[in-house]
Amino acid sequence: MGESGPDNILELIGVTMDYGQVKALNDVSMTVRRGEWLSIMGPSGSGKTTMMNIVGCLDRPTSGRVILDGEEISRLGGRALTTIRRDKIGLIFQQFHLAPYLTAVENVMLAQYYHSLPDEEEAMAALSRVGLSERAGHLPSQLSGGEQQRVCIARALINHPMLILADEPTGNLDEANEHMVLDIFRQLHSGGSAIIVVTHAHDVGARAERVVMLEHGRIAGIVEGRGIHGHRHDDAHA
Amino acid sequence: MGLRAGKRRIWLKMLSASLLRRRSRVIAALAAITIGATVLSGMLSVYWDIPRQLEREFRSYGANLVLVPSGEVGVMGLRAMRRAASLLPADRVIGVTPYRYETLSINRQPFTAAGTYLDEARRTNPYWRLEGEWPASDEEMLMGADAAGHIGAAPGTRVRVSGRGRNNRPFAGEMTISGLVRSGGPEDAMLFMEMSMLESLTGTRGEANLVDISVAGSEGELRKMADASRESVTSVTPRLLRRVVGSETAVLAKLRYLVFLVTVVALALIFICVATGMLTSVMERSREIGLKKALGADNAAIMGEFLGEGAVLGIAGGLLGSFAGYFFAQLIGISVFGRSAAFEPLTIPAAVAVSVLTTALAALPPVRRAADIEPAVVLRGE
């Protein structure tokens with residue numbers, strides 16, 4: 001597994017998350033390098049969502065350390081976590097979560113609204129980047145699932161986050177739209193963005209540089225390089 | 001488009017969308033605020049107008065201020081009386097009625113006769129019930145109903161009055177009883193005639209034993225008026241009729257308290273309706289709130305959005321309620337006091353400000369709840 005240092009955008013060190021008697025994450029340690037595309041895979045209940053919440057500054061671990069961009073965030077308060085989430089992380093959701101009463105461009109501007117000041121030109125550029133400039137004035141209900149997900153991606157990119165977190169980004173898409181979304185991820189990755197994708201789908205997970213396999217809250221294996229051909233349990237606590 | 005304009009656009013769109021999407025709930029909340037503001041505005045108008053309305057109303061029950069001669073002398077000059085009365089605010093004086101008392105005999109029965117200005121007496125004592133007519137000439141007089149009973153007189157009866165006037169000089173004359181007075185007080189045993197007639201019979205001139213004054217004003221205002229008269233005209237002593245003035249003050253205080261209670265109930269109505277509506281809204285929109293927080297909205301931003309909605313509802317309901325409250329106040333004025341309520345422009349900003357404040361206070365608990373929503377619910381897809 002990666003080593004601690006300035007090359008890492010994210011480090012998890014002995015992270016444990018308890019929900020009462022249940023350990024959603026159990027002594028998990030891993031790193032994500034700057035510009036790396038990482039997938040997190042595992043069955044339901046394996047701790048994927050818990051890890052997403054912790055990495056996405058939506059939750060705090062029971063114990064262990066989380067270091068994002070060199071800053072220890074595991075003990076920060078709600079306001080500080082909100083600031084980090086707003087400034088450093090772009091979130092992409094399986095269910096898109098677009099505001100139904102805002103147009104595509106306004107949905108993108110919504111992220112700017114909470115970050116700083118909405119800039120329509122910049123929002124249009126972000127939509128253009130995901131191939132949706134023609135649909136900027138449409139409401140989510142007038143967009144297909146794939147288009148909605150691309151709006152969601154544009155919204156995640158608009159504040160230039162250093163880490164993009166995508167939770168089952170293709171879970172609600174057909175094959176054509178899945179390829180389109182993954183192609184955007186590939187472009188973002190080529191541009192130097194660090195991406196963490198949580199997915200059930202092997203073909204989606206396989207696009208990453210590394211795949212972290214979670215089971216019962218522990219890292220069951222990490223596959224380096226593209227493609228999943230087997231687990232390497234010896235990497236779990238590298 | 002400017003960046004600030006962009007921020008305003010998104011804010012306005014979120015606000016209008018939030019209000020329009022939950023139309024039925026918003027209408028219910030707006031209706032509650034409007035009704036509350038209507039009652040509030042109407043009650044404020046009544047509250048401000050009650051003294052004006054009731055002071056005139058109270059004045060139908062007679063004098064509330066009297067002038068009596070200073071010192072041991074039993075009479076005061078009418079000129080001094082006029083000077084003292086001229087110090088009272090003319091627009092608030094209902095009537096100034098001097099009385100000169102003499103003892104007269106009718107059919108050898110002694111009666112107290114009051115010489116007065118009958119037109120003034122009519123204004124000062126609107127509660128007198130009259131059988132017959134007010135005197136149309138100096139040779140007509142009013143007689144108390146009890147006194148008339150003693151001598152078997154009725155309206156139209158002609159009687160011979162006699163007595164001893166100035167320097168014990170005897171006098172006598174014929175007069176007609178034009179009407180019988182019933183007041184439930186000492187007036188029922190008295191005679192009332194024009195001052196000039198009494199003066200010509202008794203030979204007195206320009207003197208009075210007592211002056212009844214009916215003037216609109218609170219106890220404090222009356223006290224100031226009395227003090228001003230006392231200082232300027234030393235030959236007369238003004239006295240408040242404490243029984244009357246005290247009762248009026250007590251009734252006013254109770255009415256104002258009643259109005260205050262009704263207003264509090266109206267505000268409680270606003271509070272409950274807004275708090276319930278807002279709480280439902282927060283629960284319905286927990287995912288949206290979670291999304292906004294996931295996108296970086298801090299608690300202040302979330303609370304600001306909900307309070308903004310509350311403020312819009314408070315302002316709209318307050319304005320509508322002020323408008324409706326004007327008519328509500330007129331309805332109360334006409335149906336309760338028999339005259340329209342005066343419009344007090346301050347009721348508009350007051351009703352709007354109180355509506356906004358109450359709405360904001362009512363929104364606070366649900367808004368705090370909104371701020372407590374964890375953004376993780378969005379990722380979990382709950």
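This report describes a helix of chain A and a strand and a residue of chain B.

## Basis of the description

The structure is a predicted model, in which local features need pLDDT of at least 70 and side-chain atom pairs count only at pLDDT 80 or more, while totals for chains, interfaces and linings use all residues. Residues are numbered from 1 along each chain as its sequence is written, chains are lettered from A and ligands numbered from 1 in the order in which they are written, and side-chain values use heavy atoms, with hydrogens and water left out.

## Helix H3 of chain A

Helix H3(A) covers residues 104–115; helices (H or I, at least four residues) and strands (E, at least two) are DSSP runs, numbered from the N terminus. Its twelve residues should span 16 Å at 1.5 Å a residue, and the end C-alpha atoms, 18 Å apart, agree with this. The expected span is 1.5 Å times one less than the number of residues.

Eleven of the twelve residues of H3(A) are buried, so the helix is largely enclosed by the rest of the structure. Buried means under 20% relative accessible area, exposed over 50%, and partly exposed in between (1.4 Å probe, protein chains only). Among the buried residues are Glu106(A), Asn107(A) and Tyr113(A).

## Strand E6 of chain B

Strand E6(B), residues 140–144, is mostly covered, with four of its five residues buried. Strands pair if DSSP finds at least two bridges between them. Five bridges join E6(B) to the parallel strand E8(B), where Leu180(B) is the bridge partner of Met143(B). Two bridges link E6(B) with the antiparallel strand E9(B), and there Leu142(B) has Phe192(B) as its bridge partner.

## Residue His150 of chain B

His150(B) belongs to helix H5(B), residues 145–151. His150(B) counts as exposed because its relative accessibility is 59%.
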